[in-house]
Amino acid sequence: MILEYSPKLLPEEVPEFTKDILSKLKPFCTDSDLLFDIKLALEEALINAVKYGNKSDKEKCVFVKIEATDQELVIEIKDQGQGFDFNNVASPTSQDNLEKLSGRGVFLIKNFMDKVEYFDKGSKIRMVKSLIQDKKLI
Amino acid sequence: MKVSNLKKSDCTICSIEGEINLNTSPDLRKAFEEFSRQNIKKIIIDFEQVPYIDSSGLATLIELFQRMKKIDGKLRICSVPEKVKNVFEVTKLHKLFEIYDDQESALEGF
């Protein structure tokens with residue numbers, strides 16, 4: 001299954017959009033733990049794209065492509081911003097940053113997906129989650 | 001999301017029901033700000049009915065932690081579902097917050 005979207009989203013519209021995508025993934029993934037991980041990574045990536053990439057500009061789109069098979073889920077999200085230095089993101093888990101109010105999105109995505117890559121100077125993210133664990137549980 | 005508070009002697013138990021995300025965090029922040037207005041110095045946040053938290057929810061909790069620290073107050077968190085607890089652990093915020101298995105153990109010695 002391949003899903004493609006290019007909505008003009010505002011940050012507050014992200015949770016509902018995420019919910020809609022997750023409902024379409026149900027045939028491929030029923031395990032609640034896996035769905036939690038996917039939801040968190042998808043929501044954080046979309047918020048980053050809309051809020052920091054597109055700077056909450058309602059005229060800008062986010063391009064979302066989702067490929068789901070029995071084995072894995074591949075999510076690509078591209079915004080219309082300038083990108084960011086994804087190799088130079090401060091660790092939110094260091095003692096100095098533990099009380100910081102922002103900077104956890106990229107870290108959460110990395111930890112809750114199996115593979116994360118950035119393209120186009122950071123304006124595009126590709127995230128992969130294996131669904132095999134889910135299939136074993138059915 | 002629903003927030004309900006229960007007074008137990010000098011402690012307030014705040015039970016949250018529902019997801020804590022970008023859209024619900026502002027309401028949670030308002031509920032937490034009310035604690036400051038009422039000068040409440042001992043708070044237990046019960047997470048039993050919280051199935052999901054994102055980075056904005058974590059930030060809202062850190063704000064409360066910082067406010068409590070400023071007034072020399074005490075904050076404890078309890079009954080955190082496994083997946084949500086995992087988010088605290090991955091982000092190392094379990095080192096910042098005192099997390100207890102249930103309300104009873106959170107109330108002990110509080």
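**View 1. Strands 3 and 4 of chain B lie side by side.** Strand 3 (residues 42-49) and strand 4 of chain B pair in the parallel sense, joined by 5 bridges. The model shown here, as in every view below, is predicted. Within this pair, Ile44(B) has Arg76(B) in strand 4 of chain B as its bridge partner. Strand 4 of chain B spans residues 74-78 and is mostly covered. Of its 5 residues, 4 are buried.

**View 2. The sheet of chain B is open and mixed.** Its 5 strands follow the order 1-2-3-4-5, and the pairing is mixed. Which strands stand at the edges? They are strand 1 (2-8) and strand 5 (98-100) of chain B, each of which pairs on one side only. Neighbouring strands of this sheet are turned against each other by 25 degrees on average, with direction ignored. Strand 1 of chain B runs antiparallel to strand 2 (residues 11-17) of chain B, and 7 bridges join the two. One bridge to look for sets Leu6(B) against Ile13(B) in strand 2 of chain B.

**View 3. Helix 1 and helix 2 of chain B pack together.** The axes of helix 1 (residues 25-37) and helix 2 of chain B come within 10 Å. They cross at roughly 10 degrees. Angles under 35 degrees count as roughly parallel, and helix 1 and helix 2 of chain B are therefore roughly parallel to each other. Helix 1 of chain B brings Ser25(B), Leu28(B), Arg29(B), Phe32(B) and Ser36(B) to the contact. Facing them from helix 2 of chain B are Ser56(B), Gly57(B), Thr60(B), Glu63(B), Leu64(B) and Arg67(B). By class, the residues of this contact are 3 nonpolar, 5 polar and 3 charged.

**View 4. Two loop residues of chain B have positive phi.** Asn39(B) has a phi of about 55 degrees, positive although the residue is not a glycine. Asn39(B) sits in the loop between helix 1 and strand 3 of chain B. Is Asn39(B) buried or exposed? Asn39(B) counts as exposed, with 8 C-beta neighbours inside 10 Å. Asp72(B), also not a glycine, has a positive phi near 60 degrees. Its place is the loop between helix 2 and strand 4 of chain B. Asp72(B) is exposed, with 7 other C-beta atoms within 10 Å.

**View 5. Chain B meets chain A.** The contact involves 17 residues of chain B and 22 residues of chain A. On the chain B side, helix 2 (55-70) and helix 3 (82-90) are the elements that give two or more residues. Helix 2 of chain B gives the most, with 6 residues. The side of chain B that touches chain A has 7 nonpolar, 5 polar and 5 charged residues.

**View 6. The sheet of chain A is open and antiparallel.** In chain A, 5 strands form an open sheet in the order 1-2-3-5-4, with antiparallel pairing. Strand 1 (2-5) and strand 4 (115-119) of chain A each have a single partner strand, so one side of each is left without a neighbour in the sheet. The twist averages 10 degrees from one strand to the next. Strand 3 (residues 72-78) and strand 5 (residues 124-130) of chain A pair in the antiparallel sense over 7 bridges. Here Glu72(A) stands opposite Ser130(A) in strand 5 of chain A. Helix 2 (residues 32-53) of chain A packs on the sheet, where it touches strand 3 and strand 5 of chain A. The direction of helix 2 of chain A makes about 180 degrees with that of strand 5 of chain A.

**View 7. Nonpolar residues gather in two separate cores.** The largest nonpolar core has 29 residues. Ala41(A), Ala45(A), Leu46(A), Ile77(A) and Ile109(A) touch the most other members. Elements of chain A that each supply at least two residues include helix 1 (14-25), strand 2 (63-68) and helix 3 (105-112). The largest share, 10 residues, comes from helix 2 of chain A. Leaving aside residues up to four places away in sequence, Ile109(A) touches Ala41(A), Glu44(A), Ala45(A), Val116(A) and Met127(A). A second, separate core of 25 residues includes Ile43(B), Ile77(B), Phe88(B) and Leu93(B).

**View 8. Tyr52(A) lies in helix 2 of chain A.** Tyr52(A) is partly exposed, with 19 other C-beta atoms within 10 Å. A residue counts as buried at 20 or more. The C-alpha atoms of Tyr52(A) and Asp79(A) are separated by 9.2 Å, and the two residues are 27 residues apart along the chain.

Technical notes:
Residues are numbered from 1 along each chain as its sequence is written. Chains are lettered from A and ligands numbered from 1 in the order in which they are written. This is a predicted model: local features need pLDDT of at least 70, side-chain atom pairs count only at pLDDT 80 or more; totals for chains, interfaces and linings use all residues. Two strands pair if DSSP finds at least two bridges between them. Axes are lines fitted to C-alpha atoms, for helices over the stretch in contact, and angles run from 0 to 180 degrees between N-to-C directions. Two residues are in contact if their C-beta atoms, placed from the backbone, lie within 7 Å. Ala, Val, Leu, Ile, Met, Phe, Trp, Tyr, Cys and Pro count as nonpolar, Asp, Glu, Lys and Arg as charged, and the others, Gly among them, as polar. Angles under 35 degrees count as roughly parallel, over 145 as roughly antiparallel, 65 to 115 as roughly perpendicular and the rest as oblique. A nonpolar core is a set of buried Ala, Val, Leu, Ile, Met, Phe, Trp, Tyr and Cys residues joined through C-beta atoms within 7 Å. A residue is buried if 20 or more other C-beta atoms lie within 10 Å of its own, exposed if 12 or fewer, and partly exposed in between; C-beta atoms are placed from the backbone.
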